[in-house]
Amino acid sequence: MWKLLTFLTLNCIIYANVSNKEIANMFIVGFNGNNIYKTDICNSGVGGVIVFKKSPSGKKFKNFYDVTSLKRLTSDLKKCTTKPLIAIDQEGGLVQRIKFTYKYPKASSVAKKGLNYAKSIYNKMAQELNSLGINLNFAPVADLALNPKNRVIVYYGRSYGKDYNKVIAYDKTFIEAMHNYNIATTLKHFPGHGSSFGDTHKGFVDVTNQWRNIELKPYYALKDITDAVMVAHIFNKRLDSKYPASLSKKIVTSLLRDTIGFKGVIITDDLQMGAIKKHYSLKKTIELAINAGNDLLLFANQLSAKDSVTITQLVSITRELINEGKIDENLIKQANIRINRLKNKLY
């Protein structure tokens, strides 16, 4: 009995008392302005940041306005915090935050011109991102274009098509190009957003009647080469009758981690989207997202200026949840292992 108690005690010591920096390492945040030293990000231990050219209103610049300002920002970020993930949405088409020298085509257009064209385009994109100090791209899209009435993915040409083999081939080309220039990639939007009718930016989206198992095919095929997977806020009662995917342990841990066997970093989609913030408080969102098994929680601070949160607030709320016994510290320790593995690959 004494030996058992000693074993349990030692293991509790190993996995207890997470630091504020370990908590901060689980968040990717957006911020206002291009002077990082005026934020609470420096020396916080933050996992990473997401940068945008335009503010939520779209009427003024948010983080950068030209090549020089972006390079200065990413350089300052790397000086004031340890191995930050510096993320951006750069798919091509509608979703590209950088358009300094070249406007990249949307996925559906790339898919019409062949894999060699895709290789050329995405190597060019990766080289540009690397030169600007970006090291994490929230792309490529792995969604299948199954619903012609889908506006958020299919209407804007963000999918390579409805054939999962074609999507896998183009996603693989995208990932390999990014890796050529030390850019980490993120498959999205797990477990599949191409069959939906609604937009999770705006509110609740139920895909129960439209979603198909073949939407998981790209994740099975690419699980060993992508660095991260982004989980959508879509609701599918066949997978979880209570929670949307991003807050669901059944979907994040049981399906993506255990069944599919993905060993990399799992990232939530922006937790300030309408599908989440209209139904859950900030505190409850953090509790559910961490307990679901996500490694990185994204708060982009991009959809509404009045709802902005800071890394200090996020760490404080998470600490409260730990003290209340609502979050298992083991999950934070395990997430840090995966996050730091990715960071060490990039630095």
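Predicted model: local features only at pLDDT ≥ 70, side-chain atom pairs only at ≥ 80, totals over all residues.

A search of the whole structure returns 8 aromatic pairs. One of them joins Phe64 and Phe100: the ring centres are 5.9 Å apart and the planes stand at 70°, so the pair is classed as edge-to-face. Planes over 60 degrees apart receive that label. This pair links distant parts of the chain, 36 residues apart. Phe64 belongs to the loop between strand 2 (48–50) and helix 3 (67–80), while Phe100 belongs to the loop between strand 5 (95–96) and helix 4 (107–110). The accessibilities of the two partners are 1% for Phe64, which therefore counts as buried, and 22% for Phe100, which therefore counts as partly exposed; the boundary for buried is under 20%.

Tyr160 and Tyr170 provide a stacked pair, because their ring centres are 5.3 Å apart and their planes are at 15°. Tyr160 lies in the loop between helix 6 (151–155) and helix 7 (164–180), and Tyr170 lies in helix 7, so the pair ties together parts that are 10 residues apart in sequence. Both Tyr160 and Tyr170 are buried.

Charged side chains also meet aromatic faces. Lys124 lies over the face of Tyr102, at 3.7 Å from the ring centre. Arg151 is placed over the face of Tyr155, at 4.0 Å from the ring centre.

In soluble globular proteins, nonpolar side chains tend to be buried together. Here the largest nonpolar core has 81 residues, and the members that touch the most others are Phe27, Val51, Tyr122, Phe138, Tyr160, Ile286 and Leu297. What does Tyr122 touch, leaving aside residues up to four places away in sequence? Its contacts are Glu91, Ala107, Val110, Tyr160, Phe174, Ala177 and Met178. A second, separate core has 24 residues, including Ala142, Phe190, Ile234 and Ala245.

A covalent link comes next. The count of disulfides is 1, formed by Cys42 and Cys80 with their sulfur atoms 2.2 Å apart. The torsion about the S-S bond of Cys42 and Cys80 is about -80°, so the disulfide is left-handed. Cys42 sits in the loop between strand 1 (27–29) and strand 2, and Cys80 sits in helix 3, so the bond ties together parts that are 38 residues apart in sequence. Cys42 has 18% relative accessibility and therefore counts as buried; Cys80, with a relative accessible area of 6%, is also buried.

The last stop is Tyr347, found in the segment after helix 13 (329–346). Is Tyr347 buried or partly exposed? Its relative accessible area is 38%, so Tyr347 is partly exposed. Not counting residues up to four places away in sequence, Tyr347 touches Lys78, Lys83, Pro84 and Asn135. The side chain of Tyr347 reaches the backbone oxygen of Pro84 at 2.5 Å.

Terms used
Residues numbered from 1 in each chain as written. Heavy atoms only, no water. Phe/Tyr/Trp six-rings, centres within 6.5 Å; stacked < 30°, edge-to-face > 60°. Helix = DSSP H or I, 4+ residues; strand = E, 2+ residues; numbered from the N terminus. Buried < 20%, exposed > 50% of the residue type's maximum accessible area, 1.4 Å probe, protein only. Lys NZ or Arg CZ within 6 Å of the ring centre and 35° of its normal. Core = buried A, V, L, I, M, F, W, Y, C linked by side-chain atoms within 4.5 Å. Contact = heavy atoms within 4.5 Å. Disulfide = S-S within 2.5 Å. Polar contact = N/O pair within 3.5 Å; in protein donor to acceptor, adjacent residues only side chain to side chain.
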